[in-house]
Amino acid sequence: MSAINLKTLSHANILKFFNSFDTVLTDCDGVLWMHMTPIPNSSNVLNLFRKLGKRVFYVTNNSTKTRDGLVDKCKALGFEATKDDILCTANLAACYLQDLGFRKKVYVIGPEAIATELEQVGISCCGVGPDVAKQNTSYSSFKKDPEVGAVIVGFDEHFSYPKMVKAATYLRDKNVHFIGTNTDERFPVSNHVVIPGTGSLVTAIESCSERKAVIMGKPEEYMVKMLTTRSTFDPQRTLMIGDRCNTDILFGTRCGCITLLVLTGVNNLSDIEKWKKSKRKEEQDLVPDYYIHALGDLLSYLKELETEL
């Protein structure tokens, strides 16, 4: 356990830090942007990493965009990116079923992005969009689609009681695959409103179906598998940047990466201090190697060291 403030390092140790990795994995929400507002200088830092020869991957649990959609967002907000640089859970869910040789239909609780990624690998789906509870409705009359062989739960603003009924009913059949895109409890936002995340929806379906979902996103192993198939991945030469310790930092720790927490999203210094004092390994594993207030704070160091890197 370390949690070293990068700002306290000497010039020589900062240089050593930047020379310790060749690949950068970065979370997006809370690290690079808040919705459509980029966090100051975050794009400059990542673009300079690329200029200096670092391989940059955008590794997000967010299921609301396809890889193409995330490339468009990156470009709109000033981040250099190609489709091959993106690992997002809408795509991972489709890849997971493709790897299984899945040929049936998917019931989706989630956004259009999941449906699009499924369609791109030749898998049909249903369920996307509103499914509103109606008065005097007998849910016991629900008739299952016999073609459905999987349930995927992602972020869904239309989450409803009828969707819970349908998902849990399909999942009574143990042969039906149960996939959750991620376990993020809430979204990082810049005000005091709590925005429930996909993890809250996955937990609800797990509870009523009495099943556990296979999770696509950080910190689980499928994202590691996809990363290794798409690149030459050396964890010991990789920096994982995130704002959420139980997904981003834990993912990096489990992989054996160098971990950097930014304080612009979910977790803060009081969380780190609590976990450093804990005797529980699962909490100690949440402590990052380094932290910094914001990703943009690295820019001055990078510019100063550019000729030495």
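Asparagine 41 sits in the loop that links strand E4 (37-38) and helix H2 (42-51). In this predicted model, the phi angle of asparagine 41 is near 70 degrees, which is positive although the residue is not glycine. Because its relative accessibility is 36%, asparagine 41 counts as partly exposed, the range for that class lying between 20% and 50%.

Glutamate 210 also has a positive phi in a residue other than glycine, near 55 degrees. Its position is the loop between helix H7 (198-209) and E13. With a relative accessibility of 70%, glutamate 210 counts as exposed, since the cut-off for that class is over 50%.

A further backbone feature is the peptide bond from lysine 218 to proline 219, which is cis, with omega near 10 degrees. Proline 219 belongs to the loop between E13 and helix H8 (221-230). As background, most peptide bonds are trans, and most residues other than glycine have a negative phi.

**The open sheet**

Five strands make up an open sheet with parallel pairing, in the order E8-E7-E9-E10-E13. At its edges are strand E8 (125-126) and strand E13 (214-215), each of which pairs on one side only. Within the sheet, strand E9 (residues 148-153) is joined to strand E10 (residues 177-180) over four bridges in the parallel sense. Valine 153 has glycine 180 of E10 opposite. Helix H6 (residues 161-171) lies across E9, E10 and strand E7 (105-109), and runs at about 145 degrees to E7.

Is strand E15 (residues 258-262) mostly covered or mostly open? Strand E15 is mostly covered, with five of its five residues buried. The burial applies to both faces: Ile258, Leu260 and Val262 lie on one side, and Thr259 and Leu261 on the other.

| Strand pair | Sense | Bridges | Residues opposite each other |
|---|---|---|---|
| E14 (residues 238-242) and E15 | parallel | four bridges | glycine 242 and leucine 261 |

Leucine 261, the residue opposite glycine 242, is among the buried residues of E15.

**Packing of H4 against H8**

The axes of helix H4 (residues 89-99) and H8 come within 11 Å of each other and cross at roughly 85 degrees. The two helices are therefore roughly perpendicular, as angles of 65 to 115 degrees are classed that way. On the H4 side the contact involves Thr89, Asn91, Leu92, Cys95, Tyr96 and Asp99, and on the H8 side Tyr222, Met223, Lys225, Met226 and Arg230. By class, the residues of this contact divide into six nonpolar, two polar and three charged.

Definitions and conventions:
Residues numbered from 1 in each chain as written. Predicted model: local features only at pLDDT ≥ 70, side-chain atom pairs only at ≥ 80, totals over all residues. Heavy atoms only, no water. Pairing = 2+ DSSP bridges. Contact = heavy atoms within 4.5 Å. Axes fitted to C-alpha atoms, helices over the stretch in contact; angles between N-to-C directions. Buried < 20%, exposed > 50% of the residue type's maximum accessible area, 1.4 Å probe, protein only. Parallel < 35°, antiparallel > 145°, perpendicular 65-115°, else oblique. Nonpolar A, V, L, I, M, F, W, Y, C, P; charged D, E, K, R; others polar.
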